[in-house]
Amino acid sequence: MTIFSENPALRNQWYAAASEHELKQGPIGRTILNQNIVIYRDAEDQVIAAPDRCPHRQAPLSAGSVEKGVLTCIYHGWSFGAGGRCVAIPSAAPNSPIPRNGHLSCINTSVRYGLVWICLGDDPAELPAITQEDDASFRRINNPIEKWRASATRMTDNFLDIAHFPWVHTGTFGNNQNTLVEHIELEVLEGGFYGYKYDVVAENPDSANLTSGQAGNTVSRAMTTGFHLPFTVRSTIAYHTGLEHIILLLTTPIDDVNSYFTFVVWRNDDFSVSAEDVIAFDRTIGQEDKTMLERVPGVLPLTPRTLACTQSDKASTAWRHQFGRLLKSSV
Ligand code: FES
Ligand SMILES: [Fe+2]
């Protein structure tokens, strides 16, 4: 029995499935909400997604190849072009008709923020809006998609939680950080995210200097952290220097207990430090969370009162409440 990943309401949400540049290497196979999907770019430069199952004998199309926008199956060489239309059947005489069910059943795609997004349903919800994407003083930095052996529910809970910083992030910014979480109030944040504002004094080791844009043992950050259903979390960091660093944390459920993870950064720096160096510190932080979450099995309990909560869990509690309502909206 699945706990949330078969819920119909989740099929109408968008999920980050691949980096745009990955498509240059050929077809991509992904599993989203238990469904295997193939993704490729056709000759008209459109991103095509479809069930990863050839209409002929159901071989995985992601094991095939893409040349000049045409995806060819490895089993008997059927080929699929623009809009997922079958364009060649090597075993059939020239000009033979293509069977009516020989074309791919396309799935909704969108390309935004350097990522390919997939929506399995017919009634797609809104993608999260990041205003810095259209602001020339910001640059965007993308990261590879990773696979985590963790539930999307636990990842979202973790990304909304700041009480773990001095415990989990001791190798990066959390060492010696005050364990007390000041009172937080939830509110609607810019872009429709729901969360809270807070100030934090973080460790600023040498490895963080390029990211924070300053030296010194500690650094003060004015932050916000909020969520956009179902599994998107955004943290914004503003330094007194005027530097802003926006992190979009994107979780895509493979199934109830496995997920893809990537994050996107927007930054209004002077672009003098390489993108690689700017996000190396954030990547290390992400690995600290991954190590922690892969030790916590199963789905985060969604029923009220199962988990013991304190005021620092307010945002996670609000997310569980809204996520539960979304799941119920399908019945
Ligand atoms: S299964 Fe794909 S061509 Fe036969
Ligand atoms: Fe963390």
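Helices (H or I, at least four residues) and strands (E, at least two) are DSSP runs, numbered from the N terminus. By this count the secondary structure of the chain comes to 5 helices and 18 strands. The model is predicted: local features need pLDDT of at least 70, side-chain atom pairs count only at pLDDT 80 or more, and totals for chains, interfaces and linings use all residues. Residues are numbered from 1 along each chain as its sequence is written, and chains are lettered from A and ligands numbered from 1 in the order in which they are written.

The C-alpha atoms of the chain fill a box of roughly 75 × 50 × 30 Å, taken along the principal axes. The radius of gyration is taken over C-alpha atoms, and the globule rule is 2.2 Å times the number of residues to the power 0.38. For 331 residues, a compact globule would have a value near 20 Å; the chain has 22 Å, which agrees. A residue is buried if 20 or more other C-beta atoms lie within 10 Å of its own, exposed if 12 or fewer, and partly exposed in between, with C-beta atoms placed from the backbone. Of the 331 residues, 35% count as buried. Two residues are in contact if their C-beta atoms, placed from the backbone, lie within 7 Å. Among contacts between residues at least 6 apart in sequence, 60% join residues at least 24 apart.

The chain is divided into domain 1 (10–119) and domain 2 (131–328), with bounds from an automatic or database domain assignment. Their C-alpha centres lie 33 Å apart. The contact takes 13 residues from each of domain 1 and domain 2. On the side of domain 1 that touches domain 2, the elements giving two or more residues are β1 (15–19) and β2 (28–32). The largest share of that side, 5 residues, comes from β1. Ala, Val, Leu, Ile, Met, Phe, Trp, Tyr, Cys and Pro count as nonpolar, Asp, Glu, Lys and Arg as charged, and the others, Gly among them, as polar. The residues of this side of domain 1 divide into 8 nonpolar, 5 polar and no charged.

A nonpolar core is a set of buried Ala, Val, Leu, Ile, Met, Phe, Trp, Tyr and Cys residues joined through C-beta atoms within 7 Å. The largest has 62 residues, and those with the most contacts inside it are Ala17, Ile32, Ile39, Trp117, Ile118 and Leu248. Strand β18 (residues 259–267) gives the most to this core, with 6 residues. Domain 1 and domain 2 both give residues to the core, so it lies between them. Leaving aside neighbours within four places in sequence, Trp117 is in contact with residues including Trp14, Ala17 and Leu127. Apart from this core lies another, of 5 residues, among them Phe173 and Ile285.

Helix α1 (residues 152–159) is largely enclosed by the rest of the structure, because 8 of its 8 residues are buried. They include Met155 and Phe159. Pro297, in contrast, counts as exposed because it has 11 C-beta neighbours inside 10 Å. Pro297 lies in the loop between α4 (275–293) and α5 (314–328).

An open sheet of 4 strands has the order β5-β6-β7-β8, with antiparallel pairing. β5 (65–67) and β8 (86–88) stand at the edges with a single partner strand each, so one side of each lacks a neighbour in the sheet. Two strands pair if DSSP finds at least two bridges between them. Strand β7 (residues 79–80) and β8 pair in the antiparallel sense over 2 bridges. Ser79 stands opposite Ala88 in β8.
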